[in-house]
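I opened this notebook to look up how the parts of one structure meet.

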Amino acid sequence: MTFDPVPYAASALAGPLLLTLAAFAVLLLPLFFKTLRGTQGLVSLGAVLVTLVFFRAAPPAQLAFFSGALNLSPLSAYLWAFAMGVLALFIALSLARPAAPAEHEGEYYFLASMATIGLMVMMAAGDLFTAFIALELLSLPVYALAGIRRSKPGLEAAYKYFMLGAFGSGMTVLGIAVLNALYPSLDFVSLKAALPAQPLALAGFLLVISGFAFKTALVPFHMWVPDAYEGAPTQVSAFMGAAVKAGGVVLLWRLFSLFDGGPVREIFWWLTVVTAVFANLAALAQNGLKRLLAYSSIAHAGYIAVAFFGGTRGWEAVLYYLPVYAMATIGAFGVTLILERDEKGPKIDDLAGLGRTRPWLAAAMAAFMFSLAGVPPLAGFFAKFYAFAGAVASGYTSLVVIAVLMSAVSIYYYLRVTVVMYMKVPANGEDHPAGAPGLAEAVVFLMAAGVLLAGLFSRPLLALAAEAARWF
Amino acid sequence: MELLINPLSLTVLLPAIAGLGIFAIPRDSAAALKGYALAASLAVFAVSLRLWTGFDAAAAVMQFGLDKPWLPSYGIHYALGIDGISLLMILLTTFLVPLSVLASFNYIKESQRAYYACLLFLEAGMVGVFAALDLFVFYLFWEAMLIPMYFLIGIWGGPRRVYAALKFFIYTMAGSVLMLAAILWVVAAHHAAAGAWTFSIPALYAGALTEQAQFWLFAAFALAFAVKVPLFPFHTWLPDAHVEAPTAGSVILAGVLLKMGVYGYLRLAVPLFPQAAVTFAPWLAGLGVVGIIYGSLVAWSQRDMKKMVAYSSVAHLGTVMLGAMAFEPAAVSGAVLQMVNHGLSTGALFLLVGVLYERRHTRLIEDYGGLAKVMPGFAAVFMIVTLSSVGLPGLNGFIGEALVLFGSFRVYPWLASAAVAGVILSAVYMLGMYQQVVFGPLRHTENKILKDLDLREWLYLAPLLVFIVLIGVWPNPFLRRVLPAVDNYITLSRQQPAPPPALVKLALDGEEAR
C-alpha cells in the first residue's frame, strides 16, 4: 500500500462529520437567529453538495476504523455516494414542495440528515452491533418524518411503521443477544470463520435476518410498507423506497453471504420466491399510486434478493440495481408529488389525460414505469438482467424462472399507469394544470434521463459497481 | 464513428436518431412533421439499399459485420451482420415504413409528433432484431420494439384499443420472459464449458448441451416465437391488435412483426438447439397447418374486412412455418420468400381497407358493393393484391406457396396435402370478399360519391404493386440471395452437437446446486 491512510480517512469521514454538523446547525441555529428560518433546506442541500467535494476516488484498500466497527473501502465509497445522492434528491423534492409545516423545517432536515448518517454507518458497518445501532439511527428519524405533518394519515403511517419497525428491531436485538452469547466476536469476518453453528445460533441468525428483512420489506415482513408509503409525505416515501431499503439490502446481503449453503440459504430462497409472487399479485389490485409504488418496492426487494444467489456477479448486480431502482422510484414519487392534491396522493385514475396536458411529465412517468417493469432499453431491464444472469450462472434457474414470470405479471400494473395517462380521458373533465416548472420537475427529468441512459450506457456504472463489489 | 459508417449499423441507428430529432419540430406544425417523417424513413430506405447493392449473393457468411464490445464483463458485444434472410427482412421493413408514413398523413390527426416518433423508433427496433448477431442485442431490440407498438395501438387505435394494446404487450412479453431465462442459461452453460462469457449467436450455435436441456431451452425460445408468429393456439392477440391498430400499425404488425417470430426460429431456436428442433419440428409444422385451416375457416366467417385479413395472416404464417420446419431447401427458401410476399400483399390489403375506412368509416363487407363503378382504380389495385394473396401464378404469392408445398411434401406429405386445402380456402374467402365489395349493384347511396384513389394513395400503393408483380415473374434475384443462408440453416439444423463434457454440470434446479 503506497497511499497514506490518514488523509484518506480524514476526507472520507469528513463527509459524515460535515453532514452531522450541518444537521445540528439547521436544527439549532434558527432557534436563535430568526433570519435563518426558512433557509434550512438550502443549508442542508449545500452541506450535502459540499460533502460531495470530500469524496475522492477511494484507494483500492479496506481500512478498518474504530476497531473494525467501520470499514472504509471502495464499496463503502460507492454506497455512501449513493446515500448522499438520495439525500440530495430528497432535499430537492422537499424544497420544491415543503412536506413539513414551516415551524418544523429545522427538525425535518435534521431528521433526514441523521437518517442518512445512520444509513451510511449501516452500509459500512463491520459488525452486528454497529449495524444495529445504525439501523436505529436510520429508523427513528424516518418514523418521525413519516408523521411530521401530524395529520391523520401521516400519524397512522408513522404509528404503523413504528410499531412494526420496533417489533423488527426487537427481534434483531434478541438475535444479536443470542449470537453474542455464542460467538466471541460479532464482526462479520469472524462470524464467517466461526460458522457452522449449532441450532441456537441458527435461531439467532434468523431473528437478526427477520429484523433486517423488515427494513428491506421482504414478504412476510412487508406489512408496514403500503400504509407507511401511502400515509407518509411523498418525499419521505421516496426516501424510504430508495434509502431505507438500500440499507436493509446491504445488511441482508452481508448476512446472506455468511452462509455457503444450508438452511439459511433455503430460507432466503423461499423469502425471495414468496416476495416476488405475493408482491406482484397484490400490486395488481391497487388503485392508489403510492400504494402501487409500495408494492412495486416490495417486488423489487424480491428481485434484488434473487441477485444474492449469484455470487460475485450477484454483488455487482445488486450494486447496479440499487441506484437504478432508486432513480425510477424517486422519479415516480416525484411525479406523484407534483400531481398530488391530498396526502394520500393521487389515485392511478387521476392521471388520466396527463399524456395530453403535460406530455413531458407523462413521458417521464412512462419511462419510470417501463424501467420498473424491466422493459429494454431502459435501465431497469439491465438491472434485472444482471441480477438474473448471476443467479442462473450459479445454478438457481428455477428461482429466476419464477422471478421472470412474476415480472411478466408486473407488466400489467405498470402498463396500467401508462394506459391511464395516454389512453383515458379524465372522468370529471379535470385537467392537470401545468405549473411553472420548478425543482420537482427538474428532479423528475434528471431521473428520467438517468433511467434512459444508465441502461444503454451501463458500462461506467457497472464498472464502478464491479470495483466496489470486489471489496465486499 | 464506425457505428454510423457501417451501412447496417446506420440502418439500425438512423431511425432512432431521426425519431429523437422529430422532437425538435414544434408539435403543431403538421406539415413539417409529416415531411420530416417521410424524408427520414426514405433516407433509411436509401441507406438500406446499400445493403442490397453491396450484398455478395454467393457468399454464405454474415455480411456487413460489425462487432463492438459493449458490456465486456458479460461478453456482450454490439454485434451486427446479415445473411440473405435478414437482408430481405430488413429491406421489407425499410420499404414498408415510408409507405406506412405516407398512409398515415390523413388518418392521424392527434399528437402527430409522438406518432411519427413511435413509427421511427419501431423501425429501429425491427431492423435491429433482424441485424443482431448477439443474443443480448437481439433480445434488447425484440422487447424494446414493444413499447412504440404498444403506444401506436393504444393511442391511435380503434374503439377497443386499450384492450388490444394491453393484450398485445402482455402476451408477447409473457411469451418472451422465459426466453430471457433460457438465454441466460445457454450463456451460462457456454461459460461453464468454454470458460468465457459470450452472447455471440454464431459462437453459441450447437453448444454442448444435453438433450434434456435442449428440449427445455428450445421450448422456451419456441414459445416466445410462437406467440409472435403467431402459431395456433397462441394467435388470439393478433385479431385484436390488427383490428384496433391504425392502418400503419396493422401494416407493420402484419408486414414485419409477425416475420420476427419466424425469423427467430430460423436464426435462433433451430440452429441453437438442433436436436430438440428435430423433435419439435413436426409438431410446429402441424400447428402451422392447423393454423392454415383454422385461420382460413375463421376468416371465411368474418364480416369485417380487417378481421378477415388478420385471420388470413394466421393462415399465411402457418404456410411459412410449415416450410421453415421442413428443413428442405425449396421449402425453406419458399418460406422466406413467402414472408416477404405476405408482407407485401397483406400490407397492401390493410392499406386498401384503410383507404375504404377513411372514406366511409366502416369496414363491414356488407356496407360496400359495386365499388368497381365508382372507384375503378381502387378495384384494379384491390384485384391484383387479392390475387397475389391467394397465390395466383404470375404474382408473388404463387412462387412462395408453391415452393413451400412442393418442398414440404417430401418431408411431411400429409401435412402438405392438408395445407393445399388451406390454399383453396383462401381463394374462396378472399375472392368472395372481393366480389361482394367490388362487384354487384351499388346498394348504398353513400357509396355513390366515393372518390377514387388520389395521388398520395397511388404513391403508396404503386410500389407494392411493382414488387408484387416483379417477384411473381422474376423471383430469382431474391431467391439467389436467400439460398446460401437457407443452406446454412439446414446444415445447422442437421449438425450433431458436441457431446457434453462430463465436467459441465449445470443444475436445472436450484435444489441441486445448493
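How far apart do the C-alpha centres of domain 1 of chain A and domain 2 of chain A lie? I find that they lie 22 Å apart.

I am working with a predicted model, in which local features need pLDDT of at least 70 and side-chain atom pairs count only at pLDDT 80 or more, while totals for chains, interfaces and linings use all residues. Residues are numbered from 1 along each chain as its sequence is written, and chains are lettered from A and ligands numbered from 1 in the order in which they are written.

**Entry: domains of chain A.** I noted domain 1 as 1–258 and domain 2 as 261–472; the bounds come from an automatic or database domain assignment. Their contact takes 41 residues from domain 1 of chain A and 46 residues from domain 2 of chain A (two residues are in contact if their C-beta atoms, placed from the backbone, lie within 7 Å). On the domain 1 side, I recorded α10(A) as giving the most, with 11 residues (helices are DSSP runs of H or I, at least four residues, numbered from the N terminus). By class, this side has 28 nonpolar, 10 polar and three charged residues (Ala, Val, Leu, Ile, Met, Phe, Trp, Tyr, Cys and Pro count as nonpolar, Asp, Glu, Lys and Arg as charged, and the others, Gly among them, as polar).

**Entry: chains A and B.** I found 33 residues from chain A and 34 residues from chain B in the contact. On the side of chain A, α17(A) brings the largest share, 15 residues. I sorted the residues of that side into 24 nonpolar, seven polar and two charged.

Note on methods. Helix = DSSP H or I, 4+ residues; strand = E, 2+ residues; numbered from the N terminus.
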